[in-house]
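I opened this entry to record what I looked up, going from the chain as a whole down to single residues.

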Amino acid sequence: MIAETVCSAVAAAGLGIAAVTAYRKRFLAATRIAAYSLVPLGLVMTGVVDWLADTAFSPTAWAGFGVLGLSWVLFSTTRAVERRRGGTRKERRAARGARSQEAVAPTASAPSLGPAARTPAARPANKRQAAERPTDDFSDIEAILKKHGI
């Protein structure tokens, strides 16, 4: 009952301000003020204010809002975890499959940048062996260029 009275008073005051604004030849602003002032009156007439008043004092409604909030938090959390991991389960499976089929040059018998190049046996045992080893090995670059037909 009080909410309807307050909304009606706000609407009446807004229409009064709109009339004064229109008297000052600011018709666009007066129309906008009249539109804003009619919103509370429309809400009262449609019953939205009664529904809000009933909802505000209902423990069941607040529990429902809590459940909706919890579901939103769960959706947000799963989405954030999904982004960190790199997509959905289907996308991760596809990425794993793509990783197993590494790039191979048309004439090469093994992947040019595969795990074989990073095995411990391929690493030098000390710094002297690393210095003696040639560092300008461009076979992987050549394989990539051959793969693209360059």
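**Overall make-up.** I was working from a predicted model, and I kept that in mind throughout. I then looked up burial and found that, of the 150 residues in the protein chain, buried ones make up 12%. For the surface, I noted that the protein chain exposes about 12,500 Å², of which carbon and sulfur atoms supply 65%. Turning to contacts with a separation of 6 or more, I noted that 41% of them in the protein chain come from residues 24 or more positions apart.

**Helix 1 and helix 2.** How do the axes of helix 1 and helix 2 cross? I found that the axes of helix 1, residues 2–23, and helix 2, residues 27–46, come within 8 Å and cross at roughly 170°. Because angles over 145 degrees count as roughly antiparallel, helix 1 is roughly antiparallel to helix 2. I listed the residues that make the contact: on helix 1 they include Glu-4, Cys-7, Val-10, Ala-11, Gly-14, Leu-15 and Ile-17, and on helix 2 they include Phe-27, Ala-30, Ile-33, Ser-37, Leu-38, Pro-40 and Val-44.

**Lys-25.** I next went to the loop between helix 1 and helix 2, where Lys-25 is found. Its phi is positive, at about 65°, although Lys-25 is not a glycine. I flagged this because most residues other than glycine have a negative phi. Is Lys-25 buried or exposed? With a relative accessible area of 64%, Lys-25 is exposed, since the cut-off for that term is over 50%.

**Thr-55.** My last stop was helix 3, residues 48–56, in which Thr-55 is found. I looked up its accessibility and found a relative accessible area of 11%, so Thr-55 counts as buried, the limit being under 20%. Which residues is Thr-55 in contact with, leaving aside its neighbours within four places in sequence? I found Ala-61, Trp-62 and Phe-65. I also checked the polar side of Thr-55, and noted that a polar atom of its side chain lies 2.7 Å from the backbone oxygen of Trp-51.

Notes:
Residues are numbered from 1 along each chain as its sequence is written. This is a predicted model: local features need pLDDT of at least 70, side-chain atom pairs count only at pLDDT 80 or more; totals for chains, interfaces and linings use all residues. Side-chain values use heavy atoms; hydrogens and water are left out. Axes are lines fitted to C-alpha atoms, for helices over the stretch in contact, and angles run from 0 to 180 degrees between N-to-C directions. Helices (H or I, at least four residues) and strands (E, at least two) are DSSP runs, numbered from the N terminus. Angles under 35 degrees count as roughly parallel, over 145 as roughly antiparallel, 65 to 115 as roughly perpendicular and the rest as oblique. Contact means heavy atoms within 4.5 Å. Buried means under 20% relative accessible area, exposed over 50%, partly exposed in between (1.4 Å probe, protein chains only). Accessible areas come from the Shrake-Rupley method with a 1.4 Å probe; for residues, only the protein chains shown count as cover. A polar contact is a pair of N or O atoms within 3.5 Å; within protein, one must be able to donate a hydrogen and the other to accept it, and residues adjacent in sequence count only if both atoms are side-chain atoms.
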